[in-house]
Amino acid sequence: MDNTPPPGPSSTRPSVTPLTSAVLEIDAYVAGLGWDRPAQLFALVDTERLRAEEPELAERLDIDAGSGLTPVEQDELPAGQALDEFLATIAWPEAVAGCALTIERLMLPPSAEDSVPDGLPGAELTRWVAEHPERQEVRMTVAVLRDGARESAIRLREKDAETEVLTGPDLVPGLADALAATFAE
């Protein structure tokens, strides 16, 4: 008879990739800053490369050697410029392995999609969604790597807890595509 205990939840969980870890680290950092914040952009750098090429910076940032990717917050995005226009201006240096963006938006559940009025211009549609009784405020953190890997985290304002964060590579495909385009040559 085998007396080995059954595997616990952590032993059956799939392994977390460095990209997933970075996305969750960014999500937790931004969550600590609170809601109603502007979009934030992060460069993702290989931790070992950072430690080798910039040891003083790595020490000052107290970077864990085993973290895989280190998020580096970038300057605030320009006010008044559309996000897609801003992203089109970015060209990352070779040392940047990937990038991530956090942004807050209002979303409607799929059950509300049939009630969206046809033909509303952008500003009116935004106002209609903002007034909809089923709207949900969400914070999305989306990351991409140069090699095409993607990861996202979504946090609902009404369920603002680390245990309620949804992750997956294809949760916000349009934003992931826009971030991936910042690495196109």
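User: Is Glu54 buried, exposed or partly exposed, and how is that read?

Analyst: Buried means under 20% relative accessible area, exposed over 50%, and partly exposed in between (1.4 Å probe, protein chains only). Glu54 has 43% relative accessibility, so Glu54 counts as partly exposed. This is a predicted model: local features need pLDDT of at least 70, side-chain atom pairs count only at pLDDT 80 or more, and totals for chains, interfaces and linings use all residues. Residues are numbered from 1 along each chain as its sequence is written, and side-chain values use heavy atoms, without hydrogens and water.

User: Where does Glu54 sit in the secondary structure?

Analyst: Helices (H or I, at least four residues) and strands (E, at least two) are DSSP runs, numbered from the N terminus. Glu54 lies in the loop between helix H3 (47-53) and helix H4 (55-60). The chain has seven helices and six strands. Their pattern along the sequence is α-α-β-α-α-β-α-β-α-β-β-β-α.

User: Where is Ser152 found, and is Ser152 buried or exposed?

Analyst: Ser152 belongs to strand S5 (residues 150-156). Its relative accessible area is 0%, so Ser152 is buried. Across the chain, buried residues make up 32% of the 185 residues.

User: Which residues is Ser152 in contact with, leaving aside neighbours within four places in sequence?

Analyst: Contact means heavy atoms within 4.5 Å. With those neighbours set aside, Ser152 touches Val23, Thr141, Val142, Leu166, Thr167, Gly168, Pro169, Leu171 and Val172.

User: What share of the chain's contacts with a separation of 6 or more joins residues 24 or more positions apart?

Analyst: Such residues account for 66% of those contacts.
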